[in-house]
Amino acid sequence: MTHPGEITRRQLLRRIGLTAFAAGPGAGLLSACATAGTGGDPAPAPAVTLSADPKNPFGVDAKKPLEVVIFSGGYGDAYAKDLHEELYKKAFPGVTVKHTATQQIGTQLRPRFVAGDAPDVLNNSGPESMDLAALAAEGHLADLAPLFDAPSVDDPAKKVRDTVTPAVLDNAKINGKDLVLNYTVSHRALWYNAKLFASKGWQVPKTWAEFTALGDTAKQEGILLFAYPGLKGPYYQLWNVLYTAAKIGGNQVIIDIDNLVDNAWNAEPMKQAVTAWADIQAKYGDKAYFGLDHTQTQIKHLQNEVLFYPVGSWIENEMEKDKPQDFEYAIAPIPDVTAADKMPYGAIQVGVGENFVVAAKGKNPQGGLEYLRLMLSKEGARGFTEKTKNVTVVNGAAEGVDLPAGLKSAAKAQDAAGQNIITEARFEGWYKELFDYGTEQINVVMAGRITPEKFCANMQKKADAVKKDDSVAKQTRSQ
Amino acid sequence: MVRLRRYGFVAGFLVVPVALYSVFVISPYLQAFQLSLTSWNGYSSVVRYVGLDNFGRLLADGVFWQALRNHGLLLLVLPIVTIVIALFLSFLLNLGGGTRGAGMRGVWGSRFYRVVFFFPQVLAVAVVGVLFQAVYRPDEDGVLNGVLARLGAEPVGWLTEPGLALWSIIAVMVWQAVGFYVVLFSAGMAAIPKDYFEAAALDGAGRVRLFFSITLPLLRDTVQVGWIYLGIAAFDGFALIQVLAGDKGEPDGATTILPVTIYKTAFAYNKVGYASAMGVALFFLTVTFAVLTLRTIRREKVEL
Amino acid sequence: MTARDTGRPRLGVLNGLSHVALAVWALLIALPLLWTFLASFKTNTEIFGDPLQLPGAVRLDSWGRAWDKAHIGQYMLNTVVVVFFGTAGTMVFGSMAAYVLARYRFVGSRLIYYYFVAGLAFPVFLALGPLFFVVRQFGLLNSHVGLVLVYIAYSLPFTVFFLAAFFRTLPDAVAEAALIDGASHTRTFFQIMVPMARPGLISITIFNVLGQWNQYLLPLVLLAGDPDKWVITQGIAKISTLAGYEADWPGLFAALSMTILPVMIVYIVFQRQIQSGLSSGSLK
């Protein structure tokens with residue numbers, strides 16, 4: 001992990017709009033979670049020349065309608081419908097914008113892409129999200145380099161690429177080209193109720209021994225130490241185990257797995273991580289959660305039936321309606337599993353997410369790029385944060401927005417983590433079959449029906465099969 | 001002239017249905033058959049033919065065989081259980097009232113029962129799925145486990161125990177299907193002339209004997225129709241499984257049936273070619289199964 | 001109860017037992033539905049709390065949300081239109097095809113029959129991709145007309161299969177008499193054979209109405225681009241996914257209740273006709 005040392009933590013936090021509540025020097029770096037490309041290096045020169053007009057750099061034709069398809073999941077679709085699309089209409093009076101919200105991205109849109117009838121802007125997300133690498137291979141995705149090099153809406157002297165967190169530029173790449181815009185920033189680790197801890201006088205455990213000791217204490221109060229949703233949400237636990245493995249053995253563990261390196265799953269840190277969590281489940285877990293989905297589990301969490309829940313910072317907005325007064329979301333890093341963990345206590349996962357793409361062969365790619373440019377304006381990004389209580393990749397856009405407690409806690413944790421940012425597992429997007437198999441196997445191993453060794457062996461077998469399958473396009477990452 | 005008129009009539013009656021069916025059903029199916037020989041990923045403009053490779057891979061694919069086993073179980077258990085329960089209930093409804101007075105009557109309230117029994121049929125799969133998620137919830141907040149908890153029993157993981165999950169799902173399908181067959185069989189029973197029963201009852205035959213010696217044989221055709229309906233309903237089970245158990249047929253693939261696997265392979269993994277090959281395999285299995293069933297039925301008919 | 005039931009004195013006990021059996025099944029059906037209905041008035045916490053508890057108050061706001069978010073009214077209307085024409089078309093074309101295939105001997109009749117029946121053995125969703133392009137070629141994407149035609153086409157295999165069997169069982173004498181009296185084949189079909197086949201037609205109509213009412217995959221792909229034309233199953237799927245993300249479970253149950261109630265009322269109103277329709281035919 002390299003990180004551009006010239007960016008101070010404060011600058012960075014300001015960039016993502018978290019300065020309101022963080023102060024003091026340091027070197028916490030969002031860019032440290034960069035997972036592909038060359039971390040922080042500038043992207044290649046733009047392939048398309050931009051017009052000189054900073055108001056309309058892509059030469060959008062206001063007569064052409066724009067079609068936007070939004071995955072209507074945790075963020076809903078109001079941010080697009082009531083905000084971003086309105087911004088677009090304001091910029092091009094009289095233009096028509098067609099808005100579709102769906103959960104079945106793949107079923108609905110794959111035929112349309114193949115037929116050359118793709119929507120101009122697509123929020124590719126959810127359980128049926130499409131294989132972007134496959135779409136890219138067919139040239140369906142517009143090059144976003146002109147977008148990154150276009151003048152920003154707020155300050156025409158600045159390029160868009162200089163207004164977003166560097167991880168955006170790294171994660172934009174598929175086979176070396178800028179094709180995907182990641183729009184949100186999220187923090188993943190274990191989430192707990194700060195108010196409960198305060199009232200009981202409990203400390204956040206830093207080592208595995210403290211973690212299990214707290215588990216015993218909580219058990220006496222009828223509270224479960226840890227739970228994850230076995231239905232629909234086992235991938236939260238797969239992430240958790242992968243991040244734990246990275247904490248034990250460093251980010252290379254995940255990078256090797258992503259690169260389908262031989263025996264990557266059989267690495268010792270991976271086995272240790274799975275064993276540690278399977279033990280927690282066996283001693284402190286409840287098998288009922290294998291049959292509960294994420295909402296049900298999260299409600300139980302809100303009811304203080306569960307202490308720690310492995311998820312990302314979007315949880316706060318997701319459960320906003322049901323959150324009682326005496327519940328305050330806070331993030332806890334994964335405790336030290338061994339005394340010799342490669343990453344010190346405090347390491348958390350920070351990443352960018354929520355993919356947006358522009359159809360290259362659509363009817364209005366210029367409009368699509370312009371739409372993304374408006375999303376990346378301060379007004380667009382700030383409005384998103386206000387509507388969804390989630391931070392975007394736009395630097396400083398969240399400044400002044402009253403962020404909820406959980407996000408503040410996440411910012412503090414990131415501050416404390418410094419350079420120890422756990423990387424995300426990208427095989428989730430690259431090799432969906434492997435990831436899906438993992439979400440199934442994690443339940444099996446957590447339920448104790450197979451041993452951790454068997455889990456690793458099974459995953460390795462599947463990874464080998466994917467590696468051999470020449471119908472699956474391969475991706476690699478260097479860091 | 002007469003023959004010409006006849007042919008004109010036949011052709012006139014067939015042209016629209018055959019055309020609609022050929023265009024919207026057969027032509028896509030043929031394309032799917034063609035895709036089963038390719039490694040198409042659903043996006044690519046270049047379709048690569050791989051011959052019978054996909055079918056070769058099927059033979060070594062554990063998930064496929066597991067799905068096939070579960071599918072077979074479903075095809076066997078769903079019709080049998082549903083038909084037995086439906087026959088039993090419709091017998092009670094129609095003939096359970098005894099033979100006193102003027103012939104056979106239904107029990108008191110039979111009309112009410114028939115209405116209620118039919119209700120689940122009108123529910124969309126999504127509705128049934130959500131409903132039974134609540135019923136089968138694995139903690140004490142589940143409807144079933146809540147009742148168990150009051151009786152002092154431990155909560156059961158209806159959908160999370162590999163040995164139990166498929167049965168729980170079959171139970172839902174039975175729950176939903178029985179009403180339709182009660183109505184169907186009731187209609188059949190109502191059509192049986194009353195004097196058959198009266199004569200038998202005069203001879204001192206009990207109701208159970210009435211059922212096995214008169215009702216059942218005379219209902220044979222209706223029951224066969226029911227069997228075929230249910231065979232098709234088993235196909236549709238995949239949506240229910242996706243909602244209740246998870247889209248991979250969790251736990252451990254214990255609830256995966258072929259349509260679940262095919263759907264996942266095609267839509268989540270973008271292996272349209274391979275998924276089509278599974279579909280083709282399923283097609284031939286179903287055809288074989290159907291031919292065997294028809295053979296058996298026909299033989300029985302000859303014996304009659 | 002099976003072994004001991006010879007002789008009449010036990011009738012009272014037996015009657016009691018059959019009532020118990022029937023009542024138990026009725027409860028098994030009714031309770032979950034009642035639970036759905038009640039859950040629409042509960043809060044999330046109540047829904048995930050004790051399942052046997054009644055809602056704390058009658059809260060109607062979830063019904064309002066469901067109506068707005070799931071567009072139940074619009075989708076219901078769309079569905080009624082599509083299912084009405086879909087089923088009507090299926091019955092007309094299906095019975096016509098089944099009739100000639102069952103009762104006329106001509107070259108290729110067996111072949112056409114099996115051609116139809118083969119459609120039963122292949123999973124529909126594998127055809128989805130190619131079907132999209134076929135429908136698109138006819139310019140029928142995102143249109144109810146297109147969906148109706150596709151519904152008809154996909155309902156034909158079973159309809160033909162079932163009705164052909166049914167037409168075969170009808171006595172020949174009546175049709176022959178009509179033909180001798182000079183009625184045309186078409187008239188014989190519509191005026192003589194169709195009324196005779198009424199029980200079969202009614203039962204397959206119910207089957208088709210239910211099947212098309214619950215159809216989800218076909219509209220999902222064929223109406224993808226135009227949410228105003230969606231059908232009720234798409235609305236339910238939408239709100240049930242939303243319930244997962246926004247944790248609006250009462251809204252989901254309200255939407256479910258809204259879709260269940262009208263169908264139940266229709267069934268209760270017509271159940272007499274359905275019952276008598278099914279039983280009016282003579283035993284085959």
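Predicted model: local features only at pLDDT ≥ 70, side-chain atom pairs only at ≥ 80, totals over all residues.
Chain A contains 19 helices and 12 strands. It has 479 residues, of which 59% count as buried. Among the contacts in chain A with a separation of 6 or more, 78% join residues 24 or more positions apart.

One helix pair in chain A can be followed in detail. Helix α9 (residues 234–249) of chain A packs on helix α11 (residues 268–284) of chain A with the axes 8 Å apart and an angle of about 125 degrees. An angle over 145 degrees would count as roughly antiparallel and one of 65 to 115 as roughly perpendicular; α9(A) and α11(A) are therefore oblique to each other. Their crossing is right-handed. On the α9(A) side the contact is made by A:Asn240, A:Val241, A:Thr244, A:Ala245, A:Ile248 and A:Gly249. α11(A) contributes A:Pro269, A:Met270, A:Gln272, A:Ala273, A:Val274, A:Ala276 and A:Trp277. By class, nine residues of this contact are nonpolar, four are polar and none is charged.

Helix α15 (residues 378–388) of chain A is mostly covered, with eight of its 11 residues buried. The buried residues include two lysine or arginine positions, A:Lys378 and A:Arg382.

The next topic is the contacts between chains. Where chain A touches chain C, 19 residues come from chain A and 17 residues from chain C. On the chain A side, the elements that give two or more residues are α3 (105–114) and α12 (294–302) of chain A. That side divides into four nonpolar, 11 polar and four charged residues.

Between chains B and C, 77 residues of chain B are in contact with 80 residues of chain C. Which element gives the most to the side of chain B that touches chain C? It is α1(B), with 19 residues. The chain B side has 60 nonpolar residues, along with 12 polar and five charged.

Within chain B, helix α7 (residues 165–190) and helix α9 (residues 207–244) have axes that come within 9 Å and cross at roughly 155 degrees. α7(B) and α9(B) are therefore roughly antiparallel to each other, and α7(B) passes α9(B) in a right-handed crossing. The residues of α7(B) that meet α9(B) include B:Ile169, B:Val172, B:Tyr181, B:Phe185 and B:Met189. Those of α9(B) include B:Thr215, B:Leu219, B:Gly226, B:Leu230 and B:Leu244. This contact divides into 14 nonpolar, five polar and no charged residues.

Confidence in chain B averages a pLDDT of 81, and 92% of the residues score at least 70. Where in chain B is confidence lowest, and where is it highest? Helix α11 (residues 272–303) of chain B has the lowest mean, 74, while helix α1 (residues 2–35) of chain B has the highest, 89. Over residues 99–104 of chain B, pLDDT stays under 50. For that stretch the model has 11 contacts beyond four places in sequence.

Definitions and conventions
Residues numbered from 1 in each chain as written. Chains lettered and ligands numbered in written order. pLDDT = per-residue confidence, 0-100. Helix = DSSP H or I, 4+ residues; strand = E, 2+ residues; numbered from the N terminus. Contact = placed C-beta atoms within 7 Å. Nonpolar A, V, L, I, M, F, W, Y, C, P; charged D, E, K, R; others polar. Axes fitted to C-alpha atoms, helices over the stretch in contact; angles between N-to-C directions. Parallel < 35°, antiparallel > 145°, perpendicular 65-115°, else oblique. Left-handed = near helix turned anticlockwise from the far one by under 90°. Buried ≥ 20, exposed ≤ 12 C-beta atoms within 10 Å, placed from the backbone.
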